[in-house]
Amino acid sequence: MKKKDNKVKVDNLYFDDTELDIPEDQIYDYQIEGLSAPHINKPYSHFRAKKLILILVIIVAVSLSIFFSVRVVHSDVFSFDTLESETYKLTKFSNTNNITELTINYVSDIEYDRTNPDPKTNFTITADETKPVTEIGPYAFNCDGVLQKVYIGENVEKIDGKAFYSCWAIKAFEVDENNPNYCDVDGVLYTKDKTTVVCYPCDHDQYLREKYGYSEELNADCEDQELFAKYKKEVMTYVIPSSVTTVGELCFNYANLAVVYFPEGLKKIETLGFFEMPNMSDFYTYKPQEPVTETDITAVEGLETYLSFPDTLEYIGSDAFSYNQSMNYVFIPKSVTYIGHHAFWDTVYTKDGDTVGVRVINVELDEDSFRDSVETGDQWVPQYNKNLLKKIPVEYSCARKTAE
């Protein structure tokens with residue numbers, strides 16, 4: 001190796017100008033005295049162990065972050081999230097297929113009596129009264145076909161509109177009278193001020209059958225038509241109280257109703273508000289002369305009524321009336337400013353070559369005014385032949401039909 005030493009002066013400082021002459025065959029492993037040998041193509045000592053430790057540290061850090069941001073209380077039956085307020089949200093209820101009544105107020109769990117072989121009676125639902133439940137999340141109760149009655153405790157502050165999605169067997173809600181946010185009206189869930197109807201239970205007609213003394217469900221094919229007319233009024237007719245301005249999301253989905261009375265003053269029908277109600281045929285609006293609080297047909301007897309939606313309605317949500325094939329008349333008043341996608345989807349169909357159901361959409365505004373002032377979603381007008389994409393007509397500048 002040749003070594004050349006020269007002193008170079010820069011800004012009154014001297015540096016060594018050194019040149020190294022390294023043989024070609026030593027270029028990758030030549031070691032300068034006092035420095036570590038090169039690591040070219042050589043593994044560092046304990047490299048894999050150090051890498052594994054780094055990965056583990058990252059995983060632990062992320063896990064702790066998630067744990068402290070959302071803590072979960074979980075069992076086979078109940079799941080709860082801890083909220084920032086140190087209260088809890090019910091996120092999942094998985095029925096044992098034997099729970100028919102449930103109270104929601106505190107974090108709950110289930111204890112089994114192993115000495116009792118009867119699955120209908122060998123369990124107890126316990127509640128931790130140090131852990132209040134203030135929220136019920138979306139789809140917390142999803143397609144439950146066993147639960148029949150739900151008690152809402154005083155702690156519950158927020159119930160998602162999709163909380164009781166497709167719970168076929170729920171007949172009634174009962175809300176603690178001390179709850180400041182919600183109440184029930186004869187088994188139907190409302191906000192405390194009764195401005196929003198939150199959930200009409202899917203099997204509420206069973207509750208009404210028991211209330212009025214019917215031993216079985218009746219339908220239009222009943223041999224005793226006089227009896228069926230009475231049954232239709234008592235079990236299949238619902239009057240929305242005059243204080244209500246909003247029908248909540250998924251509120252009446254799958255309900256076995258034939259007639260609904262809206263109060264004049266109703267402004268909003270949320271998404272899927274009256275979704276897939278096969279017997280739903282007639283909507284009426286009543287004009288309250290004084291507050292209407294009862295929900296049976298007697299509440300509107302003697303009051304002025306008219307067909308279809310209220311003159312105060314502004315919002316019709318997506319799929320609000322989809323799959324209601326017994327409907328036959330729709331009138332859109334000039335007050336409406338929004339109609340969501342598929343709002344009246346499949347309310348018309350063909351039978352023996354004829355169209356059945358809603359054969360025309362009647363609109364109070366003229367066509368130009370409607371297009372300028374009303375926001376509409378895709379396919380809000382239903383089709384009666386999906387292969388040929390035939391839509392029912394929309395008639396503008398219409399007057400409301402008079403009830404027969």
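This is a predicted model: local features need pLDDT of at least 70, side-chain atom pairs count only at pLDDT 80 or more; totals for chains, interfaces and linings use all residues.
Visitor: Why does Y112 count as partly exposed?

Guide: Its relative accessibility comes to 37%.

Visitor: Where is Y112 found, and what is it in contact with?

Guide: Y112 belongs to strand β7, residues 106-112. Setting aside neighbours within four places in sequence, Y112 is in contact with V77, T96, N122 and F123. As for T124, it is twelve residues from Y112 along the chain, and the two C-alpha atoms are separated by 6.4 Å.

Visitor: What makes S281 buried?

Guide: S281 has a relative accessible area of 15%. The cut-off for buried is under 20%, so S281 counts as buried. You'll find S281 in the loop between β20 (268-269) and β21. Residues up to four places away in sequence aside, S281 touches A258, S326, M327 and N328.

Visitor: And D176, what is the reason for its label?

Guide: The relative accessible area of D176 is 30%. That value lies between the 20% and 50% limits, so D176 is partly exposed. D176 is placed in the loop between β13 (172-175) and β14 (182-185).

Visitor: Which residues does D176 touch?

Guide: Not counting residues up to four places away in sequence, D176 touches I152, G153 and E154. Take E154: it is 22 residues from D176 in sequence, and the C-alpha to C-alpha distance is 5.4 Å.

Visitor: On to the rings. Why is the pair of F164 and F173 called edge-to-face?

Guide: Their ring centres are 5.0 Å apart and their planes stand at 70°. A pair needs centres within 6.5 Å, and edge-to-face needs planes over 60 degrees apart, so F164 and F173 pass on both counts. F164 and F173 are both buried.

Visitor: What makes the pair of F93 and F141 tilted?

Guide: Here the centre to centre distance is 5.2 Å, with 35° between the planes. Stacked means under 30 degrees and edge-to-face means over 60, so an angle of 35° leaves F93 and F141 as tilted. The pair links distant parts of the chain: F93 is in strand β5 (residues 88-93) and F141 is in strand β9 (residues 141-142), 48 residues apart. F93 and F141 are both buried.

Visitor: How many aromatic pairs does the count come to?

Guide: The count comes to 29 aromatic pairs. Ring pairs also link Y200, Y238, F252, F262, F274, F283, F309, F321 and F344 into a cluster.

Visitor: How do you know that the charged end of K268 sits over the ring of Y315?

Guide: The charged end of K268 is 4.7 Å from the centre of the Y315 ring. The distance limit is 6 Å, and there is also a limit on the angle to the ring normal. The pair of K268 and Y315 is listed as a charge over a ring. K401 likewise has its charged end over the ring of Y329, 5.5 Å from the centre.

Visitor: What is the order of the strands in the open sheet?

Guide: Four strands form that sheet, in the order β17-β19-β21-β22.

Visitor: Why do β17 and β22 stand at the edges?

Guide: β17 (237-239) and β22 (305-307) each have a single partner strand, so one side of each is left without a neighbour in the sheet. Neighbouring strands in this sheet are turned by 25° against each other on average, direction ignored.

Visitor: What makes β21 mostly covered?

Guide: Four of the five residues of β21 are buried. For the chain, 41% of the 404 residues count as buried.

Key
Residues are numbered from 1 along each chain as its sequence is written. Side-chain values use heavy atoms; hydrogens and water are left out. Two strands pair if DSSP finds at least two bridges between them. Helices (H or I, at least four residues) and strands (E, at least two) are DSSP runs, numbered from the N terminus. Axes are lines fitted to C-alpha atoms, for helices over the stretch in contact, and angles run from 0 to 180 degrees between N-to-C directions. Buried means under 20% relative accessible area, exposed over 50%, partly exposed in between (1.4 Å probe, protein chains only). Rings of Phe, Tyr and Trp (its six-membered ring) pair if their centres lie within 6.5 Å; planes under 30 degrees apart count as stacked, over 60 as edge-to-face and the rest as tilted. A charge sits over a ring if NZ of Lys or CZ of Arg is within 6 Å of the ring centre and within 35 degrees of the ring normal. Contact means heavy atoms within 4.5 Å.
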